[in-house]
Amino acid sequence: MSPKLGPKLGLGLGLRHQHFSEILAGPAEVDWFEAISENFMDSGGRPRSVLREIAERYPVVLHGVSLSIGSVDPLNLDYLARLKALAHEVKPAWISDHLCWTGVLGLNSHDLLPLPLTEESLAHVVARVRQVQDFLGRPLILENPSSYVRFAQSSMEEPEFFRRLTEATGCGLLLDVNNVYVSCFNAGTDPAAYLAAFPCERVVQLHLAGHQDLGTHCIDTHDRPVRPEVWELFRIAWARTGGASTLLEWDDRIPSFADCLAELRKAQRHMGMAVDPAPASTVEVGGADALSTPADFMIPRAMDSVVQESA
Amino acid sequence: MSDPLEATQRWMHQALVFPQRADSGAIAGTFASGRLSGRDGLAIYQRSYVQRITRCMREQFPALCHALGEELFDDFVADYVRDKPPESHTLYDLGRRFPGFLEDSRPDRDAPLEARERWIDFMVDLARFERLVFTMFDAPGNEGRPFAVSATPDDLLRLQPCFAVARYRFDVAGYYHAVRQKQPAALPPAHLSFVALVRTDYLTRTVPLGEAHYLFLDAMAGGMGVADALEAVARQMSIEVEEVRRAWSTAADSPRALWLRMGFFVTPPPSTAHLA
């Protein structure tokens, strides 16, 4: 991994509002946090105040879901300005988002939609990554999304797309090994071959998460523990990236902070570290209504902070 | 003619918003099959689009969802996102146009006011109230800064930034809190209801108001100082202004004292205080 792109932060956890109080009461036994940019960039309330406080005590990175780097719409410069202002405030180790598009014609699906992997798409994304990097004054880190479709017009595989993108722009990469598994399973391709072809030397960060295996296909639900087949991919990816910063995402049916940390620590046994046996998971697993790219974590429980005064 | 990438994105986004319009020939031509067929893969995105928005809307309008029942609420949301697909990068914006959509799509919208369905009026007002409550959560506030105190002169009092007043045709605040506290909540009778919302220490309080208090605070929210707002109340309520001034501040439990304790008021920053 290029030392210019970002430091090795160790084991981190996605920052979720359900855990705010416990983290602030700290110290939390976690190396760093990843904050969802959109949860904080427009905030004038408690979320931003909490993030400022956490950023004073732990390394943080900003992870976006709405940059829409692949959209044919013009880049949203107001969004970028807000992101830059937030970055100025909390000094993230890096800023990441996804290789995807979220909307077009001024509309937003609030999903991470896949791109056709073509020369046209590559040229389009290269130009926009350069524009974003110029605006932010730092390399952008881009993540491989989970996908349920493949475009007939695609002319290259995703690892090649990322390799050429990073060569052309100098951007860094966030390798989500759960997404690799989900996308490859749904496409009927080999996730190990994906990792072998991926430009791991440009990887700054690894993502771990749980998915739902429905037999015929997998859904990227982020609502349960990491599955054994993903841990195996993580073991390979961690070695190939030279021990990139690793983060657990949990975005739906979010368990206690302690349960999240217990799941995160399982990573150590796949990093060649001697660790105590992991306790049996106490986390409830969701049913058939699980959602791809869940967004519950994007909406804080605002209504929990409302009280009634008497007349 | 648009570029292939642009055409693909326009088509796929339309397929999410209007799944029934995505014909099978176009789906087969757009996607290659893997373990999942193109149609089945697209269906995951289509389902998730609606479910994600519906779940967020339930979170933002819990009392309205209770009042309508989940099934009917979800139907309204589905119509809403087809009519007004999300535009913003933030899900916080999702419900911004929902009260207006409910008002515009009511079946009796062309009827005279007195002939309209009261329960629809209630749903619209409840949606307006819940939207206002939700926006208070993350609006810029006065946390970490000083508030006005009892010794602050009237001519320096300003409403704090995270403050709102509103008027409704029903006691929507009472209904909202009953639902949130899991108490029995019936559709309230129609009567004008006034409420202030104020956030301190990241906690939003809803404060029921009388009409005169509402008029006063609404005038201040519109930019008036205390003296002008008191005169405006006297005019609108046909009360002697001296009586209004006495009511404002003389007693220990006067609105002035109560609202100062609740954090309604701040003073202008020192650099602009001399302009007050």
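Modeller: Contact here means heavy atoms within 4.5 Å. This is a predicted model, in which local features need pLDDT of at least 70 and side-chain atom pairs count only at pLDDT 80 or more, while totals for chains, interfaces and linings use all residues. Residues are numbered from 1 along each chain as its sequence is written, chains are lettered from A and ligands numbered from 1 in the order in which they are written, and side-chain values use heavy atoms, with hydrogens and water left out.

Biologist: How many residues of chain A are in contact with chain B?

Modeller: Chain B brings 63 residues to this contact.

Biologist: Which residue of chain B forms a salt bridge with A:Asp252?

Modeller: Across the interface of chain B and chain A there are three salt bridges, each a side-chain nitrogen of Lys or Arg within 4 Å of a carboxyl oxygen of Asp or Glu. In the one that A:Asp252 forms, the closest N and O atoms are 2.8 Å apart, and the partner is B:Arg55.

Biologist: Which helix gives the largest share of the side of chain B that touches chain A?

Modeller: Among the elements that give two or more residues to that side are helix 1 (4-17), helix 2 (24-30) and helix 3 (38-60) of chain B, helices being DSSP runs of H or I, at least four residues, numbered from the N terminus. The largest share, 13 residues, comes from helix 3 of chain B.
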